[in-house]
Amino acid sequence: MARSETQVGIVGAGPAGLMLSHWLHLYGIHSIVLEAKTRQHCEERIRAGVLEQGSVDMLRSTGLGSRLDREGMRHEGIELGLNRRRYRIPLSELTGGKAITVYGQQEVIKDLIARRLADRGDLRFECGEVSVHGIGGPRPSLRVARDGAEDEIHCDFIAGCDGFHGICRPSIPQGALTEYESAFPFAWLGILAQAAPSRDELLYMHHERGFALYSMRSPSLTRLYLQCRPNEDVDLWSDERTWNELHTRLGCADGWRPTEGKILQKGITGMRSLVIEPMQFGRLFLAGDAAHIVPPTGAKGMNLAMADVYVLAQALRAHYQDNSTAQLEQYSSLCLRRVWKAQRFSTWMTMLLHRLEDASPFERRRQLAELDYVTSSRAAAASLAENYVGLAMEL
Ligand code: RFL
Ligand code: PHB
């Protein structure tokens, strides 16, 4: 068995694991990142696309802003749609100048991987089966089994950044964690289309046939979503049917409708909410999707992952530089305050905009009143804007 050592062993090379490794490097703390998939797979996986102001500031302040500033699309507003009309929420005006930036998660991943490798970071892709050991004790370890051989990495701490389906959360003894979960009776059919965006901002549309979202990835790529059934068969959605439905739901009274283009990718994204408490057991710290899942309506998933590892990196720095464990002890409670507020907002956006199949007539009228309120009251729009651009990072 080959043995090695590191200060922080990180499982997963998604936004959480890579950003944590980058932060730790800046603080002079050694880490090793173990990733199950290939580098190419990580760099091509299409997922989130909206960066909060705080995530953009974090990437810039840690030296990762150059391509983001060139290629990222800064948006100072979003639109909500109702009854074939659009209503603009002026995010920047309502938040003292903050904005969101449309920059694909896979671009963030590419930038982070390139930077970690340029800094001689130890990133190990295509790891075989990874397991965690001794997390309740003083010196935990990670084992990687591949081709009949096993590597062991001794660590001071382990960061479980391995997403919703990872192995870190299930390694925690039963009974040590509480899971809070809520499911939604719908999912999203998402497409990526080779089409120049024909609107400057995102459009979240409420429609009697179901919610639709108009988003983008670059000056030549449009990203669109349709509310569908949770167990929807993607093969039932021909390109023609998909475009017809998008035109029906997104088309506006002023004649605007999305521009069509070749569909490059089509997939179903599930909708669920999950929070694990606490986000720590012994020397194992969970971050990002390993600890919580939000429905995508609030565009919070990747941003929460970045916020978690910011808190964790500061706490590890305090441990190594000031010999203080207070921040590590507060890691979970600090993160959970933000996580629950993001759950609140994501659930609220989801229930505001989706077709609620089983809702009573009363509930549907109430939903329309809520949409009317948020599109006509500056106070209500300001609350949406404050949450959408991202709440301040607190330590
Ligand atoms: P990630 O990005 O899932 O990264 C986890 C990494 O861990 C690896 N891994 C393992 N490595 C070693 N050993 C194991 N046993 C491992 N098990 C897993 C995985 O290969 C992966 O590389 O988690 P992280 O870093 O916490 O980042 C979270 C974000 O990725 C996530 O919140 C968002 O992408 C969620 N999400 C979306 N959020 C949005 O805000 N808007 C979206 O449009 C949006 N679309 C999506 C999404 C998530 C999706 N998933 C997870 C199914 C679309 C999809 C399809
Ligand atoms: C996306 O562009 O993929 C996207 C944008 C906003 C969301 C969810 C997904 O709320």
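**Figure 1. Strand β5, covered on both faces.** In this predicted model, strand β5 (residues 78–82) has buried residues on both of its faces. I78, L80 and L82 sit on one side, while E79 and G81 sit on the other, and all of them are buried. In short, five of the five residues of β5 are buried, and the strand is mostly covered.

**Figure 2. The partners of β5.** Let's stay with β5 and look at the strands that pair with it. Strands of a sheet pair through backbone hydrogen bonds, in either a parallel or an antiparallel sense. With strand β6 (residues 85–89), β5 pairs in the antiparallel sense over five bridges. β5 and β6 form a hairpin with two residues between them, and N83 in the turn has a positive phi of about 50°. With strand β14 (residues 203–205), β5 pairs in the parallel sense over three bridges. Here, E79 has L203 as its bridge partner in β14.

**Figure 3. An open sheet of three strands.** This view shows the order β3-β7-β4, with antiparallel pairing. Which strands stand at the edges? They are β3 (50–51) and β4 (73–75); each has a single partner strand, so one side of each is left without a neighbour in the sheet. The pairing of β3 with strand β7 (residues 100–102) is antiparallel and runs over two bridges. In that pairing, V50 meets its bridge partner V102 in β7.

**Figure 4. Helix α3 and the glycine after it.** In helix α3 (residues 53–61), the buried residues are Q53, S55, V56, M58 and L59. Just after α3 comes G63, with a positive phi of about 85°.

**Figure 5. Helices α1 and α9, side by side.** Two packed helices are described by the angle between their axes and the distance between the axes. For helix α1 (residues 15–26) and helix α9 (residues 301–322), the axes come within 9 Å and cross at roughly 30°. An angle under 35 degrees counts as roughly parallel, and α1 and α9 are therefore roughly parallel to each other. The crossing of α1 past α9 is right-handed. On the α1 side, the contact is made by P15, A16, M19, L20, W23 and L24; on the α9 side, the residues include M302, A305, M306, V309 and Y310. By class, this contact of α1 with α9 has 14 nonpolar residues, one polar residue and no charged residues.

Figure 6. Helix α10 (residues 326–353) packs with helix α12 (residues 378–389) at an angle of about 125°, and their axes are 11 Å apart. That angle makes α10 oblique to α12. The crossing of α10 past α12 is left-handed. R344, F345, W348 and M349 of α10 make the contact with L384, N387 and Y388 of α12. By class, the contact of α10 with α12 has five nonpolar residues, one polar and one charged.

Figure 7. Beyond residues up to four places away in sequence, H154 touches R3, S4, E5, T6, R139, P140 and S141. The other residue in this view is E181, found in strand β12 (residues 178–183). E181 has a relative accessible area of 49% and is partly exposed. Leaving aside neighbours within four places in sequence, E181 is in contact with R272, S273 and L274. The C-alpha atoms of E181 and V275 are separated by 6.5 Å, although these residues are 94 apart along the chain.

Figure 8. Most residues other than glycine have a negative phi, and most peptide bonds are trans. R120 is not a glycine, yet it has a positive phi of about 60°. R120 is found in the loop between α6 (105–118) and β8 (122–124), and is exposed, with a relative accessible area of 78%. E126, also not a glycine, has a positive phi of about 50°. E126 lies in the loop between β8 and β9 (129–133), and is partly exposed at 46% relative accessible area. Finally, a cis peptide bond joins E277 and P278, with omega about -10°. P278 lies in the loop between β18 (272–277) and β19 (280–281).

Conventions
Residues numbered from 1 in each chain as written. Chains lettered and ligands numbered in written order. Predicted model: local features only at pLDDT ≥ 70, side-chain atom pairs only at ≥ 80, totals over all residues. Heavy atoms only, no water. Axes fitted to C-alpha atoms, helices over the stretch in contact; angles between N-to-C directions. Helix = DSSP H or I, 4+ residues; strand = E, 2+ residues; numbered from the N terminus. Parallel < 35°, antiparallel > 145°, perpendicular 65-115°, else oblique. Left-handed = near helix turned anticlockwise from the far one by under 90°. Contact = heavy atoms within 4.5 Å. Nonpolar A, V, L, I, M, F, W, Y, C, P; charged D, E, K, R; others polar. Pairing = 2+ DSSP bridges. Buried < 20%, exposed > 50% of the residue type's maximum accessible area, 1.4 Å probe, protein only.
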